[in-house]
Amino acid sequence: MTEIDAKIDALVPSWLYLPDIAEMLNIEVTRVRQMVKEGQLIAVRRGENRSLQVPAPFIDGDKVVKGLVGLLTVLRDDRFTEEEILEWLFTEDPTLPGTPVQALSENRGTEVKRRAQALAL
């Protein structure tokens, strides 16, 4: 869990509160908190009450976007901070095209993961 700066906040189009995610995934909010703690999701404190929120594009209906958990692991293994991960995931890449998180949601995760692995080289 991290604070968020204005640059990254502007990149992420929308956010979800942990209870909303719990409802969407049909699980207890404590399980969502555990997912954040285990690194399966990134949550940041934002807003006036500094509540924990997760980027909405990380959730696809009633599940976490396919490939996200593995991608987060690859980026953390490359020593990316959570801020750097969010910036990379939500920054437009004309060669992709779109953002890496858009590509994940469009089932183009193999290419996104390949690019993430290449960042370490």
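## Arg-114 on helix H7

Arg-114 counts as partly exposed because its relative accessibility is 45% (buried is under 20% relative accessible area, exposed over 50%, partly exposed in between, with a 1.4 Å probe and protein chains only). Arg-114 belongs to helix H7. Helices (H or I, at least four residues) and strands (E, at least two) are DSSP runs, numbered from the N terminus. Arg-114 and Val-74 sit 40 residues apart in sequence, with 9.8 Å between their C-alpha atoms.

Keep in mind that this is a predicted model: local features need pLDDT of at least 70, side-chain atom pairs count only at pLDDT 80 or more, and totals for chains, interfaces and linings use all residues. Residues are numbered from 1 along each chain as its sequence is written, and side-chain values use heavy atoms, leaving out hydrogens and water.

## Helix H4 and its buried face

Val-74 brings us to H4, residues 68–77, where Leu-68, Leu-71, Leu-72, Val-74 and Leu-75 are buried. Looking down the axis of H4, these buried residues fall within an arc of 160°, so they line one face of the helix (the arc is that of the directions from the helix axis to the C-beta atoms). They pack against strand S6 (63–64) and helices H5 (82–90), H6 (100–105) and H7 (109–119), contact meaning heavy atoms within 4.5 Å. After H4 comes Arg-79, with a positive phi near 70°.

An unreviewed UniProt entry annotates residues 65–120 as "domain: Rv2175c C-terminal"; such annotations may be inferred rather than shown by experiment. In the model that span is 64% helix and 0% strand, and its end C-alpha atoms are 23 Å apart.

## H2 against H3

Helix H2 (residues 18–25) packs on helix H3 (residues 29–37) at about 105°, with 8 Å between the axes. Axes are lines fitted to C-alpha atoms, for helices over the stretch in contact, and angles run from 0 to 180 degrees between N-to-C directions. H2 is therefore roughly perpendicular to H3 (65 to 115 degrees; under 35 is roughly parallel, over 145 roughly antiparallel, the rest oblique).

From H2, Leu-18, Pro-19, Ile-21, Ala-22 and Leu-25 meet Val-29, Val-32, Arg-33 and Met-35 of H3.

Leu-96 and Pro-97 are joined by a cis peptide bond, omega about -15°, and Pro-97 lies in the loop between H5 and H6.

Arg-50 is not a glycine, yet has a positive phi of about 50°. Arg-50 is in the loop between strands S3 (44–46) and S4 (51–55). Asn-107, in the loop between H6 and H7, has a phi near 65° and is exposed, at 58% relative accessible area.
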